[in-house]
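Let me put the structure up, and then I'll walk you through it.

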Amino acid sequence: MIKTQLVDRRNVDDLLPEICKLISGAALVGIDCETQDDARHEGLNTLMKVDEESREKSKTSRLIFDHRRTVMTGFSVYPENHDTAYYFNLAHADVENRLAWDEVRCVMDAKSSDAWWISHNAPFELTMFK
């Protein structure tokens, strides 16, 4: 069973060096990002028939992302053959424990040039990380 570890302001200094070391030694690294787009263009809300109170789109509408207004709230990495997956808080409601991108970019940079990122939705992930 794989454990999960939240990485935020409270523990980033202790965990980041070890995470980067694990990433640098892994041939495969799972990666995922979480986003929210509540600030999407109002025209998209109309097109998707978003309920003003629940902020949920109609079940009969397609989901359309407004990439310019989407916020990455966090991302996770899992180095192959390790017992823990790590999730980084970038923009969750827990404001005082958020991390800045500049603080955790080293996780991305740690991957060896001959290693692979593994993602369930690579086009979306690539777009959001850019």
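This is a predicted model: local features need pLDDT of at least 70, side-chain atom pairs count only at pLDDT 80 or more; totals for chains, interfaces and linings use all residues.

I'll go through the sheet, then the helices on it, then the aromatic rings.

We've got an open sheet of five strands, in the order 1-4-3-2-5, and the pairing is mixed. Which strands stand at the edges? Those are strand 1, residues 3-7, and strand 5, residues 116-118. Each has a single partner strand, so one side of each is left without a neighbour in the sheet. Going from one strand to the next, the twist averages 25°.

Strand 1 runs parallel to strand 4, residues 84-89, and five bridges join the two. Keep Phe88 in mind, please.

Now the helices. Helix 1, residues 12-25, packs on the sheet and touches strand 1, strand 2, strand 3 and strand 4. Its direction makes about 125° with that of strand 1. Helix 3, residues 101-109, packs on the sheet as well, touching strand 2, strand 3, strand 4 and strand 5. For helix 3, the angle with the direction of strand 3 is about 30°.

On to the rings. How many aromatic pairs are there? The count comes to five. I'll show you two of them.

One is Phe65 with Phe124, a tilted pair, 4.9 Å centre to centre with 45° between the planes. Phe65 is in the loop between helix 2 and strand 3, while Phe124 is in helix 4, so this pair links parts of the chain 59 residues apart. Are these two buried or exposed? Phe65 counts as partly exposed, because its relative accessibility is 33%. Phe124 comes in at 13%, under the 20% cut-off, so Phe124 counts as buried.

The other is Phe75 with Trp101, and that one is edge-to-face: 5.9 Å between centres and 65° between planes. Phe75 sits in strand 3 and Trp101 in helix 3, 26 residues apart in the chain. Phe75 has a relative accessible area of 0%, so it's buried. Trp101 is at 28%, which means partly exposed.

And here's where Phe88 comes back. Ring pairs link Phe75, Phe88, Trp101 and Phe129 into a cluster.

Key
Residues are numbered from 1 along each chain as its sequence is written. Side-chain values use heavy atoms; hydrogens and water are left out. Two strands pair if DSSP finds at least two bridges between them. Helices (H or I, at least four residues) and strands (E, at least two) are DSSP runs, numbered from the N terminus. Axes are lines fitted to C-alpha atoms, for helices over the stretch in contact, and angles run from 0 to 180 degrees between N-to-C directions. Contact means heavy atoms within 4.5 Å. Rings of Phe, Tyr and Trp (its six-membered ring) pair if their centres lie within 6.5 Å; planes under 30 degrees apart count as stacked, over 60 as edge-to-face and the rest as tilted. Buried means under 20% relative accessible area, exposed over 50%, partly exposed in between (1.4 Å probe, protein chains only).
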